[in-house]
Amino acid sequence: MDHQPKFFENLSGAGKAIAVLTSGGDAQGMNAAVRAVVRMGIYVNAKVYFIYEGYQGMVDGGDNIVEVSWESVSSILQVGGTVIGSARCKSFRTREGRLQAAFNLVQRGITNLCVIGGDGSLTGANLFREEWSGLLEELAQKGKIDAEAVKKYAYLNIVGMVGSIDNDFCGTDMTIGTDSALHRIIEVVDAIMTTAQSHQRTFVLEVMGRHCGYLALVSALACGADWVFIPEYPPEEGWEDTMCVKLSENRARKKRLNIIIVAEGAIDCHNKPITSEKVKDLVVQRLGFDTRVTILGHVQRGGTPSAFDRILASRMGVEAVLALLEATPDTPACVVSLSGNQAVRLPLMECVQMTQEVQKAMDEGRFLEAVRLRGRSFENNLNTYKLLSHKRPDAELPKTNFNVAVLNVGAPAAGMNAAVRAAVRVGMTEGHKIFAVIDGFEGFARGKIKEISWGDVGGWTGQGGSILGTKRTLPAKYLEKIADQMRTNNINALMVIGGFEAFESCLQLYEARASFEEFSVPMCVVPATISNNVPGTDYCLGTDTALNAIVETCDRIKQSASGTKRRVFIIETMGGYCGYLANMGALAAGADAAYIFEEQFDIRELQANVEHLTEKMKTSIQRGLVLRNENCNENYTTDFIYQLYSEEGKGVFDCRKNVLGHMQQGGAPSPFDRNFGTKISAKAMQWISKKLKETYRKEGGKVFANTDDSVCLLGMRRRNLVFQPVAELKSETDFVHRIPKEQWWLKLRPLMKILAKYKTSYDVSDSGQLEHVAMLPKEAETGAI
């Protein structure tokens, strides 16, 4: 769709006052949202105020409402919780309380509110907005404000951002804090798994989620838990027997541990609570297993925000300011949220009503309806979990006589093993035999192929790297040997999990079909590389884990300089020619600049950056951060930039450099990568099954797939997961630099610059349209998990 870019320079905040508050339970990432609102507000020349202690501060007024500057939000990006405080407020629930709050806002000329909180906080804000003109009239009658003020401040605009670790708000894929809470849960699960394995124990883990089972469900999916209890989907009658049979079957299969995850609001089908203690007692009495309970509690709310939450909150904060600037008296209160990787605006009350509908459905025992109302992403998580956690008896499985080979190609990426596990288990459920290929196409040519079973991939989701082994070798030099192996092992389909090499490999096999009919079988590429440089997808598996490694290291590096004199760090990231890691790492770590190949720069720009940093360092700001992609420029190397900054910053700041290297490729996969890998791979295997049925020739008794759409790459595009023929993606690819010709994240570059105090142009063509909750695409599968 061609559109004329719309730039926000036309939107001025001059004469406007914006106040930001956090309310309800705290969530990691709230500070990133506060920071983005303040900096974007100041950028468009609006006055920006903090309201301390949520609605309580708004009612109390005084020092609780203060104007802030650019530096006020320096160094808060990496801090968990909320620096402006949050409190439950009884007085705001009364009209007197709201009257006092309105008076406090009018005194300071504030008519734009940005509220970060859960559905209760946002509902309160909407009521305040509806009462606003009546409150002002009452204040005028009491002689507290004059008629001029009533006219001047006649309308209150409200934009909400959902900060809640439970992810319990309808209309958004991910709320601020959810991803970080999943990080805390998975860290604990990974730690518990090692001790449980040593003692052959069963662990019952209780996670937060009074009314919403998202955290429990997603963490169960991410760690391959044996059983999960969530409020939206209670177990059927007689679940006690079913669960105990499943646990003892797993033990009989030599599994040394069992993990059961319970949401704190879990119920049975009669709406009676299921507690972690009840589950433990049941396992001990029936099976005699050594069982322990761990209640995670407020650990889930704590800690530093993940890279995903920082980027999400920064994008939402900027979008919230744009929404306030564009609001008219007729605009309904809206929430800014995420659908896929798109920022969207939704009417606040529609979202709240839908969220309340879920609770109503659960109270009335309409559980399938509750799951549907939670949204497509939640439903997919549940279906995938059910598919992967319970092995049906062999007698119940269909038999297709198809053999599917799974292999990893390219550099290792976190999440590859989760993808292999999902492929094996879904493939077996569909009735296929699954073959694992060791060491990519090189191993394929040498016949390193073996059948792999359900139990072989147990416990793989949390493992980093590639258990199957992976090589960068492309198949072109081994075509004949690979064709032989495919014939010998009767391979009817290929699933290739890997980076740019995986895409190139399938393209080579597709182009060699004329010479080798063995390659006329369905093939699917699941993109997995930390570089995020594969055409046809906005996200690759492994990118999120690498980004978290970068951000964590940047935090530590910045902290290393606390207490010393002013210092700037030059940090080199991986990514080949793709600047995704450098750019998004800069956004999430609060860097001052990010040098990337996609946006050419010269010595004048380097000079301007140094001068800009020097000016900043003359204020209260102590530390600077500059990220550089490894291949951004062959002459302006990391050493060169380090020496330039050192020389030009003399007397103001000193410099240090750091090359992050292969630590970006290692480590346990993040919750996002475990889930994305699991879901995308399950979907790919279902597509392979469909293609096998379509291309099977009864007369010859074999599969023959020779169309373009039988070799596809499964990618995340804006809001949907899409299968695209690799032949069509060829034209979208820059093969010299191994990157897609167009990359969505380049649109976020100005965002990083604005938050680092640069003047720039920001295309906001994608924002601004208020959508309706019911209209969100049903297939919206997330840029979230």
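Predicted model: local features only at pLDDT ≥ 70, side-chain atom pairs only at ≥ 80, totals over all residues.

Trainee: How many helices and strands does the protein chain have?

Mentor: The secondary structure of the protein chain comes to 24 helices and 27 strands. The radius of gyration of the protein chain is 27 Å, close to the 28 Å that the globule rule gives for 785 residues, so the chain is as compact as a globular protein of that length. Along the principal axes, the C-alpha atoms of the protein chain fill a box of roughly 90 × 70 × 50 Å.

Trainee: What share of the residues in the protein chain is buried, and what does the accessible surface come to?

Mentor: A residue is called buried when its relative accessible area is under 20%, and in the protein chain buried residues make up 62% of the 785 residues. The accessible surface of the protein chain comes to about 29400 Å², and 49% of that surface belongs to carbon and sulfur atoms.

Trainee: What can I say about contacts along the sequence in the protein chain, and about its positive and negative side chains?

Mentor: If we take contacts between residues at least 6 apart in sequence, 80% of them join residues at least 24 apart. As for charge, there are 89 positive and 91 negative side chains in the protein chain, and the centres of these two sets lie 3 Å apart.

Trainee: Let us turn to one helix. Which residues are buried in helix α21?

Mentor: In helix α21, which covers residues 638-648, the buried residues are Thr638, Ile641, Leu644 and Tyr645. They cover an arc of only 130 degrees around the axis, which puts them on the same side of α21. The buried residues of α21 pack against several elements, including the helix α20 (603-617) and the strands β20 (623-629) and β21 (654-659).

Trainee: Where does Ser276 lie, and which residues does it touch?

Mentor: Ser276 lies in helix α9, residues 276-287, and with a relative accessible area of 3% it is buried. Neighbours within four places in sequence aside, Ser276 is in contact with Val204, Glu206, Val262, Val293 and Ile295.

Trainee: And what about Asp281, is it buried or partly exposed?

Mentor: Asp281 is found in helix α9 and is partly exposed, with a relative accessible area of 36%. The C-alpha atoms of Asp281 and Arg292 are separated by 9.8 Å, while the two residues are 11 residues apart along the chain.

Trainee: Is Glu504 buried or exposed?

Mentor: Glu504, whose place is in helix α17, residues 500-511, has a relative accessible area of 18% and is therefore buried, given that the cut-off is under 20%. Not counting residues up to four places away in sequence, Glu504 touches Leu474, Phe735 and Arg738.

Trainee: How should I read the phi angle, and what is phi in Glu53 and in Asn271?

Mentor: Most residues other than glycine have a negative phi. Glu53, however, has a positive phi near 60 degrees; this residue is in the loop between β2 (47-51) and α2 (54-60) and is partly exposed at 35% relative accessibility. Asn271 likewise has a positive phi, of about 65 degrees, although it is not a glycine; its place is in the loop between β8 (258-263) and α9, and its relative accessible area of 34% makes it partly exposed.

Trainee: Finally, where does Asp330 lie, and is it buried or exposed?

Mentor: Asp330 lies in the loop between α10 (307-326) and β10 (334-339), and at 71% relative accessibility it counts as exposed. Asp330 and Gly171 are 159 residues apart along the chain, and their C-alpha atoms are separated by 21 Å.

Notes:
Residues numbered from 1 in each chain as written. Heavy atoms only, no water. Helix = DSSP H or I, 4+ residues; strand = E, 2+ residues; numbered from the N terminus. Rg over C-alpha atoms; globule rule 2.2 N^0.38 Å. Buried < 20%, exposed > 50% of the residue type's maximum accessible area, 1.4 Å probe, protein only. Contact = heavy atoms within 4.5 Å. Areas by Shrake-Rupley, 256 points an atom, 1.4 Å probe, with all protein chains shown as cover. Lys, Arg positive; Asp, Glu negative; His and termini not counted. Charge placed at Lys NZ, Arg CZ, Asp CG, Glu CD. Arc of directions from axis to C-beta.
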